[in-house]
Amino acid sequence: MSFPDLRLRRLRQSPAVRALVRETSLAPSQLVLPMFVREGLREPSPIGSMPGVLQHSLDSLRAAAVEAAEAGVGGVMLFGVPSVRDAIGSGADDPDGILNVATAAVVAEVGDALVVQTDLCLDEFTDHGHCGVLAADGLSTGSGTQVDNDATLKRYAAMAIAQARAGSHLLGLSGMMDGQVAVVRSALDAEGFTQTLLLAYAAKYASAFYGPFREAVDSQLKGDRRTYQLDPGNRREGVREAVVDEAEGADIVMVKPAMAFLDVLREVRDTVSIPVWAYQVSGEYAMIEAAAANGWIDRRAAVLESLLSIRRAGADTVLTYWATEAARWLREDGR
């Protein structure tokens, strides 16, 4: 007599059978490595709250990009940390600004081997740390920080053109401004950059898990971003944002953070017809690293399981600070 539970056990009886019937897989090409490059550095600088992650110099950035390409990682996402900031983030669209210079350098080094991506947001470049140009009373209003959406979109368009001219293959629109996809797509097309891809951070939540990232980019943030990032309690709103971004012309949509929002990720994947990515953010990285350092969990197993869970929830690709290391592990395991 055969019982369904025994049939399920037979499917788990050996590594070969388990591999044959596995529903979700994880491959190096499905990983993207976020990288930070700081203006003026001669040597890479460790980020205290993100063990193993660095603020790169231009030289170390190129070397790390080569390592990622050799490991089979699918892409890198670049974040620039300028030495000078101002209210409108002037360094963001300066051809000689750190992000654009770094982009050109990485494209020249590995642009044929992986997808070179750039963060399109003003927060690293502004002296107030917000993702856009502030309204006249932006920091003084009692209802929270107010960003001038339309003024910010003009800055995003200029930033997009600068990044495309630097050679970026894909622009990560992470600012959560209304209409950002449509405006940037129009600006790029008008300049002839019709092949430049747009990744819309569609469901980006005002999360507590971004803390270590603020150190990584030397954030100057004043106040918070709750007036333009999503409320963590809102699942349907995240899905609606993804639908809007798809309609505006996004090539890919993103859910961020990943592990605390797997339900949103699943529903976005079931709703839109374009690729869906997820960002395993700095706080997620730091928690696993801290637990592993204390001997509380198996580091390698926990990292790979966390990435697999994000894939299982519906992400076609995962941005993760473990991308290069995880890619090497996967290759060691024959995946």
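Predicted model: local features only at pLDDT ≥ 70, side-chain atom pairs only at ≥ 80, totals over all residues.
Residues are numbered from 1 along each chain as its sequence is written, and side-chain values use heavy atoms, with hydrogens and water left out.

**Salt bridges.** I counted a salt bridge where a side-chain nitrogen of Lys or Arg lies within 4 Å of a carboxyl oxygen of Asp or Glu. By this rule I recorded 16 salt bridges.

I found Arg-300 in a salt bridge with Asp-333, their closest N and O atoms being 3.1 Å apart. This pair links distant parts of the chain, since Arg-300 lies in helix H11 and Asp-333 in the segment after helix H12 (323-332), 33 residues apart. Helices (H or I, at least four residues) and strands (E, at least two) are DSSP runs, numbered from the N terminus. Asp-333 is partly exposed, with a relative accessible area of 39%.

I next looked up Arg-165, which meets Glu-191 in a salt bridge of 3.2 Å, N to O. Arg-165 is in helix H5 (residues 149-166) and Glu-191 in the loop between helix H6 (180-190) and E7, so the pair ties together parts 26 residues apart in sequence. Arg-165 is exposed at 58% relative accessible area, and Glu-191 is partly exposed at 40%.

Within helix H3 (residues 58-71) I noted Asp-59 and Arg-62, three residues apart, about one turn of the helix. Their salt bridge has its closest N and O atoms 2.5 Å apart. Asp-59 counts as exposed at 52%, whereas Arg-62 is partly exposed at 23%.

**Helix H9.** In H9 (residues 262-271) I found Val-264, Leu-265, Val-268 and Arg-269 buried. Seen down the helix axis, the buried residues fall within an arc of 135° and so line one face; the arc is that of the directions from the axis to the C-beta atoms. Their cover includes helix H8 (235-248) and helix H11 (299-313), with contact meaning heavy atoms within 4.5 Å.

**Strand E5.** I recorded five of the six residues of E5 (residues 115-120) as buried. Strand E4 (residues 75-81) runs parallel to E5 and is joined to E5 by four bridges; two strands pair if DSSP finds at least two bridges between them. Thr-118 in E5 is the bridge partner of Leu-78.

Key
Buried < 20%, exposed > 50% of the residue type's maximum accessible area, 1.4 Å probe, protein only.
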